[in-house]
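Me: I would like to go through this structure with you. Could you start with the terms?

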Amino acid sequence: MSFMQKAMETVVKLLPDKAPDLLIGATGAIGKPLARVDGPQKVSGTARFTAEVPLDRLAFAALVCSTIAKGRIAHLDTGAAERAPGVVAVMTFQNAPTMTPPPQQFTDRRSASTSNLSVMQDARVYWNGQPVAVVIAESQEQADEAALLVIVVYREEKAALAFETLLTDAKAPDNILGEPAEERRGDAETALRKSPVRIDEIYRTPRYNHGAIELHASTAWWEGDDKLVLHDASQAISDTRYTLAKTFDLQEEDVRVLAPFVGGAFGNKGVWSHTLLCIAAARLVDRPVRLVLSREQVFRITGGRTLSRQRVALGANADGTLGALIHTGETGVVSHNAFPEQFSFPARHLYAAKTWLIQQKVVGLDMVANTAMRAPGESIGTFALESALDELAVALRIDPVDLRARLEPPKDPTKDTPFSMRNLVEAYRRGAERFGWAERNPAPGAQRDGEWRIGQGVATATYPYYRMPGGAARIRIAADGRATVQAAAHEMGMGTATVQAQHAADRLGLPIELVTFEYGDSDLPRSPVAGGSSQTASIIAAVIAANDVLVKQLLELCGKDSPLAGATLDDVHARDGGLFMRADRERGETYTSILRRAGKDHVEAVADAPAPLEMMKYSMHSFGAQFCEVRVSDVSGEIRVSRWLGSFDTGRILNSRTAASQFRGGIVMGIGMALSEEALFDERTGRIVNPSLAEYHLPVHLDIPPIDVMWLDLPDPHAPLGLHGIGEIGITGVAAAIANAVYNATGRRIRQLPITLDKVLAEDFLG
Amino acid sequence: MKPFAYARASGPADAVRLMGSQPNGKYLAGGTNLVDLMRENIERPDSVVDVKRLSVQIDARADGSIVLGAGATNTAVATHRAVRERFPVLAQAILNGASAQIRNLATVGGNIMQRTRCYYFYDDAARCNKRRQGAGCDAIEGFNRIHAILGASPQCVATHPSDMCVALVALDARVHLEGPQGTRTLLLRDLHRLPGDTPAVETELQAGELITAVEVPALAFANRSTYRKVRDRASYAFALVSVAAAVDLDADGSIRDARVALGGVAHKPWRGAAAEQVLRGSTADGATFRRAADAELQRAVGLSHNGFKVDLAKRVIVAALHSLVDGSQP
């Protein structure tokens with residue numbers, strides 16, 4: 001952390017709190033289980049995704065990807081491809097338009113690029129699967145066929161591929177997403193040795209790849225030399241605009257990025273090389289170009305969650321209190337971004353301990369850039385930490401739910417600030433009651449149904465509250481009483497448009513039918529990335545700011561004849577289609593009346609969200625407890641999850657229907673992470689060998705039990721509207737809950753994901 | 001995908017005529033595997049003869065046998081009443097494969113002819129002796145968790161991925177073929193080959209030969225038969241190990257006859273002749289089942305990642321046999 005940041009934090013801690021949001025406890029549209037506003041478009045097929053935008057003169061692109069992990073292109077022969085039917089051009093480093101290396105998103109907060117490598121500007125190959133040629137043709141089929149005809153000869157160099165053998169070279173990065181790579185208090189190793197009860201284990205997690213149902217796609221065209229339009233399957237359109245302006249040397253306002261619908265993103269829909277290549281191809285052929293990745297290419301040229309080796313050591317007293325908490329380890333990264341997969345974050349905030357050592361190191365590898373994937377860090381970090389907690393509970397003969405309650409810290413241990421909101425113990429209490437935790441038999445292997453052994457497990461879920469800086473919003477109210485709220489924003493299926501309309505309706509005091517939320521266009525007021533579970537809070541903070549400006553404008557328009565004459569922002573609140581005095585319910589005027597009297601057909605305001613100072617003053621996190629039951633076959637070692645309950649403490653919930661879906665989706669993704677998903681990376685070649693949905697095993701319907709979710713719905717007084725983002729917490733704790741349940745069922749502790757049947761059978765636990 | 005000539009056949013003889021002597025032609029039925037492989041640039045036929053909707057009938061004969069048209073869909077076979085009554089193992093095997101959507105398209109003939117799911121076979125940047133004789137095999141020292149433990153060779157450790165064929169091999173099914181040289185029949189268990197030195201040659205089919213039907217002979221005790229498949233997720237995954245089994249018990253509890261076949265373990269659907277030999281005439285109990293399983297897996301060889309399959313196959317054989325004699329359900 002820089003000196004400036006430290007100084008800033010000190011100042012912020014002394015500032016008084018903002019008064020809590022007026023709407024924090026209000027009930028209107030907020031909280032209702034409103035169906036998604038874009039649902040009818042999606043189910044009727046009229047929602048138009050990036051790969052479906054119709055255009056005249058559209059050309060289609062196909063990629064040729066490298067088959068070596070590191071080296072140079074020694075020879076290229078594009079002749080046969082160029083002569084193939086329908087081919088317009090073949091682009092390689094020899095003729096690609098000039099592009100500046102893009103800024104990288106984890107060091108330049110405004111960028112959406114997952115890597116800072118230059119793209120197709122020279123003969124270098126940095127990973128196995130890197131695009132080395134783009135074929136542009138009149139049809140997709142022609143492009144695909146011609147791509148097979150491009151001949152590439154490589155001069156191979158020795159690549160760094162074997163993570164475990166390179167661990168000795170692991171280095172601490174400068175920081176972990178802005179946090180120190182190491183936190184320590186006291187001498188944790190000595191305290192561990194002196195503790196009466198010790199757990200000290202290594203946990204491993206593999207590479208995971210993204211599998212959003214919508215393939216990555218870009219459709220680009222140039223308007224003259226200096227204006228660019230891009231439809232992109234993106235979760236960061238404003239950041240993409242910034243990135244493209246830098247890469248193609250344009251003014252930001254001359255770049256327009258559109259993404260009204262995105263079919264799932266999960267952290268992986270930023271700017272990858274194909275986006276830049278699509279734009280470059282459009283420039284090369286002077287036509288609109290579409291580039292849609294194949295499923296295989298999603299694995300080869302867009303990255304996912306990197307692998308990790310984690311040590312968790314817990315030194316405990318007989319009463320469960322921790323004398324030492326150690327969570328250290330390594331992840332595999334690339335030199336061209338800075339994403340260490342922050343597995344050490346949960347241990348910094350979850351539990352009280354006398355001493356601690358929390359440390360992350362990285363191992364540089366020659367592979368596609370790893371990136372965010374739903375709760376990067378927290379998902380795999382909780383696997384290790386919460387497995388270890390369970391091991392400790394077993395060693396201490398303390399119920400694991402009870403153990404967590406005994407470790408509840410009075411304030412954030414490493415940050416040394418108060419929690420803005422923390423009801424983890426209550427989430428455990430209510431969850432345990434609903435799940436029937438008390439009826440569980442803690443003895444491993446004690447429950448059985450025929451050949452199936454049954455076990456229950458529990459783990460803590462946790463994810464930070466983030467509100468990204470740099471967002472803005474515009475509100476327009478027309479004289480007919482209809483409101484439009486605008487932000488660049490992203491709808492990847494989670495309900496953005498729906499919950500933003502709900503919030504705006506209550507904020508403006510309008511029925512939801514009169515409110516439209518417009519988004520998905522970088523020409524609208526800037527929105528930060530839809531990542532870090534931050535979008536809802538980030539946009540709402542901007543809408544609140546814009547509304548304050550709007551109300552001031554309306555009050556100015558009122559004049560002396562209005563019942564609101566002389567009122568100021570703090571005197572009024574919105575309801576029933578207008579503004580009313582807080583102190584006098586009778587005094588007020590509708591928007592329509594104010595605008596008509598003033599002779600205006602509308603009023604409009606745009607504002608930036610205030611800086612997220614609440615994150616500096618408080619330790620802000622969401623929490624939860626994941627309860628599950630598994631069945632493990634005596635015969636085959638197959639594991640089936642038979643029951644799930646997630647109990648969450650995530651502030652105010654805006655829409656109980658879309659929220660339940662977010663929680664459930666996270667849990668489903670966690671079940672895949674725990675039991676079946678693994679991107680198999682061949683360390684001889686650096687090539688992923690299972691790049692398909694047939695062999696990369698996402699869970700199918702039969703793998704998923706009914707998932708019960710509940711939430712406390714207690715607002716965080718320091719967050720806009722009292723809400724926390726909920727997109728990611730659902731996956732956290734899931735893998736540990738399953739591993740803990742497998743232990744309870746079988747007595748086998750499996751510390752390496754995914755927990756496949758061969759690992760269950762490995763020590764022949766069944767005899 | 002490479003361009004190819006396409007012709008639709010009006011009947012089996014017409015299909016054989018259309019295929020003629022083309023060295024690089026392929027019969028197309030449901031296309032659920034062939035078209036995938038063409039998209040992946042693994043199969044590159046010059047011509048495709050469409051036999052979809054030919055030979056779709058399922059003929060349940062009075063003698064207890066059933067003749068499955070090669071063009072009958074997997075769904076049609078699995079839901080056919082006579083199949084379910086006479087050969088539950090076959091219906092179960094089919095329903096354990098793929099997904100409902102794929103089964104609605106996939107055919108009996110296509111299922112037999114589907115190719116291995118070896119990762120390296122599917123990646124044309126990898127070495128594979130199936131795709132190019134003498135190129136080498138990247139699976140033997142690579143990711144081989146899903147690979148063969150029986151009958152593999154230093155050239156190839158791939159497995160045949162079918163579930164249906166495992167049941168059919170257990171049932172002594174015969175394949176009816178029509179080719180330029182006329183018609184003939186072959187036991188299904190003899191149709192697929194072990195890889196040996198020529199892993200690219202996967203079946204005994206001759207150039208231009210077309211599967212027209214599969215005949216499942218009457219087997220009274222097959223009404224007590226079962227299929228158990230073990231895989232990495234609950235549906236839509238290929239078998240790590242699967243077992244087809246049927247048992248014919250004497251009144252005194254000894255085994256008069258038995259059928260055992262394994263999937264996911266070899267380059268072909270694996271008939272468990274050694275296991276059957278142990279079972280025949282023995283008492284139907286756990287000790288016998290274990291001896292049978294041990295006998296069948298005696299020559300199994302594990303690679304770096306798939307050694308677990310040896311013991312797993314034994315466990316699943318024993319469990320499948322138990323379920324037949326004492327009704328225990330997985």
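Reply: Two strands pair if DSSP finds at least two bridges between them. Strands (E, at least two residues) and helices (H or I, at least four) are DSSP runs, numbered from the N terminus. This is a predicted model, so local features need pLDDT of at least 70 and side-chain atom pairs count only at pLDDT 80 or more, while totals for chains, interfaces and linings use all residues. Residues are numbered from 1 along each chain as its sequence is written, with chains lettered from A and ligands numbered from 1 in the order in which they are written.

Me: Which residue stands opposite I66(B) in β8(B)?

Reply: That residue is V216(B). Strands β5 (residues 66-69) and β8 (residues 210-216) of chain B pair in the antiparallel sense over four bridges.

Me: What is the strand order in that open sheet of chain B?

Reply: The five strands run β4-β5-β8-β6-β7, with antiparallel pairing. β4 (58-60) and β7 (182-187) of chain B are at the edges; each has a single partner strand, so one side of each lacks a neighbour in the sheet.

Me: And chain B overall, how many helices and strands?

Reply: Chain B has 13 helices and twelve strands. Its C-alpha atoms fill a box of roughly 60 × 50 × 35 Å along the principal axes. Of its 330 residues, 54% are buried, meaning that 20 or more other C-beta atoms, placed from the backbone, lie within 10 Å of the residue's own.

Me: Which residues have the most contacts inside the largest nonpolar core?

Reply: They are V135(A), I136(A), I738(A) and I317(B), in a core of 360 residues. Such a core is a set of buried Ala, Val, Leu, Ile, Met, Phe, Trp, Tyr and Cys residues joined through C-beta atoms within 7 Å.

Technical notes: Buried ≥ 20, exposed ≤ 12 C-beta atoms within 10 Å, placed from the backbone.
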